[in-house]
Structure formats: C-alpha cells, structure tokens
Amino acid sequence: MSGLSPHYFIKWNRGYQPSRSEEEPAVRRAHQAVCYLASLDLDHAQIANNAGFSKSDVTRGHNLAKWPENLVVKHFALSALAVLLAQKYDRQLPPSLKVKPPVQAVSDV
C-alpha cells in the first residue's frame, strides 16, 4: 500500500473530483472547515444546539482540528477525514470553507 497515492483514498461527495492542482487547496479548506466547526462546538456535543459536530464525530473532529494544517494535507488518512467531516457538516460552513465546486452561473446561449 505504500506505493499508492493518497489521491485515491479521498472520497469526494456529490460527483466532485478535484484535479491534482485543486486537491491540496481543497484539503486545506477542509481542515479549516473542521477547525471552524470545532470552534462552534465548545460544548463538545453536550447540548443539542445544531452547531458543531454530532456526538458520533465530536472526538474525531476536535482531535483533527488540533493537528497542524501542513500535516493534515500530507497524511492521506487525515486528509480523507477532514474532507469527510467538511462535506458531512457542509450546511454549517460559510461559502469560503465549503469543499465542493463553486456553483456556475447558467447562461442562455
């Protein structure tokens, strides 16, 4: 397994598969999104307030938010977890932290 690229271990939801040049910025956004969600979840999912992580993700989310961004980007398992959590909690994120392609305007031709 050591010869496999981490690119193949990240599952991108909603049909979005970034190019190699877009992947690192997308993972960085995903980690920033996890840090943002951790900042919303100061009670560690003790109160049902629709902010931050659920009880099933609170430990993983807060632990991942503590990791330095550069290490998350380089480690395929941490990258995959960051993307998974960012996509799972997409509704709580501001547009700048969403990990999916931007909405393109439709033009009449």
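Leaving aside its neighbours within four places in sequence, which residues is valine 73 in contact with? They are Glu24, Val27, Arg28 and Ser79, where contact means heavy atoms within 4.5 Å. Keep this list in mind, as several of these names return below.

This is a predicted model, in which local features need pLDDT of at least 70 and side-chain atom pairs count only at pLDDT 80 or more, while totals for chains, interfaces and linings use all residues. Residues are numbered from 1 along each chain as its sequence is written, and side-chain values use heavy atoms, with hydrogens and water left out.

Start with the overall layout. The protein has four helices and zero strands. From the N terminus on, the order is α-α-α-α. Helices (H or I, at least four residues) and strands (E, at least two) are DSSP runs, numbered from the N terminus. Of the 109 residues, 37% count as buried. Buried means under 20% relative accessible area, exposed means over 50%, and partly exposed lies in between (1.4 Å probe, protein chains only). The accessible surface comes to about 7,100 Å², and 57% of that belongs to carbon and sulfur atoms. These areas come from the Shrake-Rupley method with a 1.4 Å probe; for residues, only the protein chains shown count as cover. Among contacts between residues at least 6 apart in sequence, 59% join residues at least 24 apart.

Now go inside. In soluble globular proteins, nonpolar side chains tend to be buried together. Here the largest nonpolar core has 24 residues. Such a core is a set of buried Ala, Val, Leu, Ile, Met, Phe, Trp, Tyr and Cys residues joined through side-chain atoms within 4.5 Å. Val34, Phe53, Leu64 and Leu85 have the most contacts inside this core. H1, H2, H3 and H4 each supply at least two of its residues. H1 gives the largest share, seven residues. Take leucine 85 as an example. Not counting residues up to four places away in sequence, leucine 85 touches Val34, Leu37, Phe53, Asp57, Gly61 and Leu64.

Return to valine 73, which is found in helix H3. Valine 73 and glutamate 24 are 49 residues apart in sequence, yet their C-alpha atoms are 6.6 Å apart in space. Serine 79, another partner of valine 73, lies in helix H4. The backbone oxygen of valine 73 lies 3.3 Å from a polar atom of the serine 79 side chain. Serine 79 counts as buried because its relative accessible area is 3%.

Next come the charges. Side chains of opposite charge can pair when their charged atoms come close. A search of the whole structure finds five salt bridges. A salt bridge is a side-chain nitrogen of Lys or Arg within 4 Å of a carboxyl oxygen of Asp or Glu. One of them joins arginine 28 and glutamate 69, at 2.8 Å from N to O. This pair links distant parts of the chain: arginine 28 is in helix H1, glutamate 69 is in helix H3 (residues 69-74), and they are 41 residues apart. Arginine 28 is partly exposed, at 22% relative accessibility. Glutamate 69 is also partly exposed, at 24%. Glu24, Arg28 and Glu69 are linked in a network of salt bridges.

Aspartate 57 takes part in two of the pairings described here. Its side chain meets that of arginine 60 at 2.5 Å, N to O. Lysine 88 meets aspartate 57 at 2.6 Å, N to O. Lysine 88 lies in helix H4 and aspartate 57 in the loop between H1 and H2, so this pair ties together parts that are 31 residues apart in sequence. Aspartate 57 is buried because its relative accessible area is 1%. Arginine 60, at 38%, is partly exposed.

Beyond its neighbours within four places in sequence, aspartate 41 contacts Ala51, Gly52, Phe53, Val58 and His62.

Finish at aspartate 90, in the segment after helix H4 (76-88). Aspartate 90 counts as buried because its relative accessibility is 8%.

Note on methods:
Polar contact = N/O pair within 3.5 Å; in protein donor to acceptor, adjacent residues only side chain to side chain.
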